[in-house]
Amino acid sequence: MGSARELLKIERSVVLRAPRARVWRALTRAEEFARWFNVTMEGDFTPGGRVTMESKETAYVGLRFPLFVQRMEPEHLFSWRWYPGSALPADEDPTKQTEVVFTLEEVPEGTRLTVVETGFERVDLQVRAKAFEENTGGWEGQLKNIEAYLRGAS
Amino acid sequence: MARPEPSLKRSAPVFAALGDELRLTLVTRLGSEGPLSITSLTEGTRVTRQAVTKHLHVLEGAGLVRAARQGREQHWEVRTAPLAEARRCLDVIARQWDDALARLKAAVEQDE
């Protein structure tokens, strides 16, 4: 198996054909962010600030969740913490949040944007109420692949 | 974005159990080397056999490992199903990130 460590983090990286300043704006300006993140939001992003979002995704329309901005280093780094269950736990407990960090890096084609979400070992996933039905299909084959991978069979 | 998924509730103890360096190491070793005795598992760590045993029991509680007798010695082996399910949960979240990033890409590239 790779490493169990991989189970505690999600990392994605994408090259955008746009300058860093443009990407930074899309990430941190409320009205732009709301569009690609598919939410409506109240308030602006400020370091240390709290923003409330409302989902526009079909599966969770109207679901409200808070997002706690951590760091904002213009054109370099943007991070927040949130409850991965989206719904606010009854007792708001910061130790049960995951952290999302975006980093921007200049590359010849434009900007490499990397997003890393960590802290899944901390979270209380009990708060996740709604099922994500549409993703339940097609998992069986994938499950077999994963199991083979975890067994180290190749 | 927003994120509830089906099996995350069951996977919560799995994630929690893995939130420790030594336990991560133990699971990774059992996954790659197959069933091992406590003696082998203790080798290469800086902790005592008792500590390793304690951590194995935490992992066992989360359903991640189980004891199996092999000859005269007790061995520990990894149970892949809960790990696979935990991985699946993260895959769902990761796919939501993929979708969001695709929308972001479209947004910033359309006006260049």
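Chain A exposes about 7,600 Å² of surface, and carbon and sulfur atoms supply 49% of that area. The model is predicted. Of the 154 residues of chain A, 46% count as buried. Three helices and seven strands make up its secondary structure. Along the sequence these elements follow the pattern β-α-α-β-β-β-β-β-β-α. Among contacts in chain A with a separation of 6 or more, 44% come from residues 24 or more positions apart.

Strand E5 of chain A spans residues 77–82. Six of its six residues are buried, so the strand is largely enclosed by the rest of the structure. In a regular strand, side chains alternate between the two faces of the sheet. Both faces of E5(A) are covered. Leu77(A), Ser79(A) and Arg81(A) lie on one side. Phe78(A), Trp80(A) and Trp82(A) lie on the other. Each of these residues falls under the 20% relative accessible area that defines burial.

E5(A) pairs with strand E4 (residues 64–73) of chain A. The two run antiparallel and are joined by five bridges. Within this pairing, Phe68(A) has Arg81(A) of E5(A) as its bridge partner. Arg81(A) is also one of the buried residues of the strand. E4(A) and E5(A) form a hairpin with three residues between the strands. In this hairpin, Glu75(A) takes a positive phi near 65°.

E5(A) also pairs with strand E6 (residues 98–107) of chain A. Six bridges join these strands, again in the antiparallel sense. Ser79(A) stands opposite Val101(A) in E6(A). Ser79(A) is buried, on the side of E5(A) that also carries Leu77(A) and Arg81(A).

Chain B has an accessible surface of about 5,000 Å², of which 48% belongs to carbon and sulfur atoms. Of its 112 residues, 53% count as buried. Five helices and three strands are assigned. Their order along the sequence is α-α-β-α-α-β-β-α. Among contacts in chain B between residues at least 6 apart in sequence, 56% join residues at least 24 apart.

Two helices of chain B, H2 (residues 21–33) and H4 (residues 49–61), pack against each other. Their axes are 10 Å apart and meet at an angle of about 75°. H2(B) and H4(B) are therefore roughly perpendicular to each other. H2(B) contributes Leu22(B), Arg23(B), Leu26(B), Val27(B) and Leu30(B) to the contact. H4(B) contributes Val52(B), His55(B), Leu56(B), Val58(B) and Leu59(B). The residues of this contact divide into eight nonpolar, one polar and one charged.

The strands of chain B form an open sheet of three strands in the order E1-E3-E2, with antiparallel pairing. The edge strands are E1 (36–37) and E2 (65–70), each of which pairs on one side only. E2(B) is joined to strand E3 (residues 73–78) of chain B by six bridges, in the antiparallel sense. Within this pair, Ala68(B) stands opposite His75(B) in E3(B). H4(B) packs on the sheet and touches both E2 and E3 of chain B. The direction of H4(B) makes about 115° with that of E2(B).

Note on methods. Residues numbered from 1 in each chain as written. Chains lettered and ligands numbered in written order. Predicted model: local features only at pLDDT ≥ 70, side-chain atom pairs only at ≥ 80, totals over all residues. Heavy atoms only, no water. Helix = DSSP H or I, 4+ residues; strand = E, 2+ residues; numbered from the N terminus. Buried < 20%, exposed > 50% of the residue type's maximum accessible area, 1.4 Å probe, protein only. Contact = heavy atoms within 4.5 Å. Areas by Shrake-Rupley, 256 points an atom, 1.4 Å probe, with all protein chains shown as cover. Pairing = 2+ DSSP bridges. Axes fitted to C-alpha atoms, helices over the stretch in contact; angles between N-to-C directions. Parallel < 35°, antiparallel > 145°, perpendicular 65-115°, else oblique. Nonpolar A, V, L, I, M, F, W, Y, C, P; charged D, E, K, R; others polar.
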